[in-house]
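Look at the fold below and trace its strands and helices. Keep it in view as you read.

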Amino acid sequence: MPDFIHIHPSDNVAVALHPIAAGTEFMGITAKADIPQGHKMALKALAENDQVVKYGFSIGHAVAAVEPGEWVHTHNMKTNLSGEIEYTYNPKISHPAPLPCPTFRGFRRHDGKVGIRNEIWIIPTVGCVNDVAKALVRENQDLVTGSIEGLYTFTHPFGCSQTGEDHAQTRKLLAALTRHPNAGAVLVLSLGCENLTHEQFVAELGEYDPNRVKFLTCQAVDDEYEAARAILEELAQFAGSFQREEIPASELVIGMKCGGSDGLSGITANPTVGRFSDLLVAMGGSTVLTEVPEMFGAEGFLMDRCVSEEVFRKAVNMINGFKNYFIRHNEVVYENPSPGNKAGGITTLEDKSCGCVQKGGSAPIMDVIGYGDAVTTKGLNMLYGPGNDLVSSTALTAAGAHMVLFTTGRGTPFGAPAPTMKIATNTPLATKKSGWIDFNAGVVADGQRTLDEAGADLLALVLEVASGKQTKTEQKGYREISIFKDGVVL
């Protein structure tokens, strides 16, 4: 197993692929101290204010003199970032060569959309009916038969006592989940006196199939459990009519997310997902990249790949709009990375962001979409959303992602409404948390697979999951949502 990786020829640091003992040599440099896995060692002498270069990109500057072989981290380097940045469009676009398109076994809906699961979803329009929704799930599991693969609800505290943009975002997000093709049928469950009225929801939802989507207002019936059971039986009859069939992989939409990142995220798991993304795009499929605050400092990897100046302007507005969101709340724009990220070897936001955007591979960015909006353009898309794991994974699902690929160096058990595949950055995590991890990209650091090979392996697993293989989070029933909020609660 190699000791370090020198990611880019211009880098003046190397990254430890496993815990390194003082005295270990790499590229003629001797480590002056023990260096934890994922952390950086200086390959050259750095004076105060010299740039620290990783991924071929400055990730901050030295705040003191650093000798070759020294550990480089928060004690001797800091971020370069501050405020908004003026961007210019210098297109560097390379479309991947088309590849043959394999198939998976999914569900073709009546409107032509495709699902990779055939489930019944209960969507509460307001937090007041959360426990009713959970009881309905518990008490009606007998309806999960034949081709129906599950009955789930996604509870939340909103739908009432919200105003303005928050109220609109809740309405938009819940309607988007109702349209998701992984749900063969949906019960929209209301209380009856909430701000999010039935009329508002129907208007937001737009055209729908009344056989697939049905509504129940609890205050309007004597016994909501009896009324819901009758509706769920009808929905189960409808959902049960769908069967798996061969569908081209070009119809897949895959969300890409990272959380609990470490110093290997940008070296193993994220670029493995990037290789997968390029493969799927070359087959005519779609991928979605979000976590806007974790693009800060790495915009250069993305902006020039926008397919047109119109898409570039959308990307600029998304990045600067999110910075303004921080500023409006009197928060420091670059208050990142987290303590866990730092413990894993990530020192600055540039360091984290340069690793994060590796998930986007090298394909052109075809569109930039808003929170709650659906992917409508084939290829790589960017989505407005925060870094928060639950909020951004929910947003990816609402955008139409059939599945979420979630890379992690520290480990996390949660699942989104869409199947959530956990990808480990390192083998010790994959071994320790085998009940959480679906795919081990640590084999890249171990020298067992190249990034290209790992990307192809990941594609094969994605097709298996799309055809019905459950992820570890699905096996445990871990599914939840979190809705983006930016306002008062009445």
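Predicted model: local features only at pLDDT ≥ 70, side-chain atom pairs only at ≥ 80, totals over all residues.

Residues are numbered from 1 along each chain as its sequence is written, and side-chain values use heavy atoms, without hydrogens or water.

**The parallel sheet**

Helices (H or I, at least four residues) and strands (E, at least two) are DSSP runs, numbered from the N terminus. Two strands pair if DSSP finds at least two bridges between them. An open sheet of 4 strands runs in the order β13-β12-β14-β15, and its pairing is parallel. At its edges lie β13 (150-153) and β15 (213-217), each pairing on one side only. Neighbouring strands here are turned by 20° against each other on average, direction ignored. Inside the sheet, β12 (residues 119-124) pairs with β14 (residues 183-190) over 6 bridges, in the parallel sense.

**Helices across it**

Two helices lie across strands of this sheet, α2 and α4. Axes are lines fitted to C-alpha atoms, for helices over the stretch in contact (heavy atoms within 4.5 Å). Angles run from 0 to 180 degrees between N-to-C directions.

| Helix | Residues | Lies across | Angle |
|---|---|---|---|
| α2 | 164-178 | β12, β14 and β15 | about 165° to β12 |
| α4 | 224-239 | β12, β13, β14 and β15 | about 160° to β14 |

**A helix pair**

How do the axes of α5 and α12 cross, and at roughly what angle? The axes of α5 (residues 269-282) and α12 (residues 451-466) come within 8 Å and cross at roughly 65°. The two helices are therefore roughly perpendicular to each other (the term covers 65 to 115 degrees). Residues of α5 in the contact include P271, F276 and L279, and those of α12 include L451, L458 and V462. The contact residues divide into 10 nonpolar, 2 polar and 2 charged. Here Ala, Val, Leu, Ile, Met, Phe, Trp, Tyr, Cys and Pro count as nonpolar, Asp, Glu, Lys and Arg as charged, and the others, Gly among them, as polar.

**The antiparallel sheet**

Another open sheet of 4 strands has the order β1-β2-β5-β8, with antiparallel pairing. Its edge strands are β1 (4-5) and β8 (71-72), and each pairs on one side only. Strand β5 (residues 40-42) is joined to β8 by 2 bridges. In β8, V72 is the bridge partner of K40.

Notes
Parallel < 35°, antiparallel > 145°, perpendicular 65-115°, else oblique.
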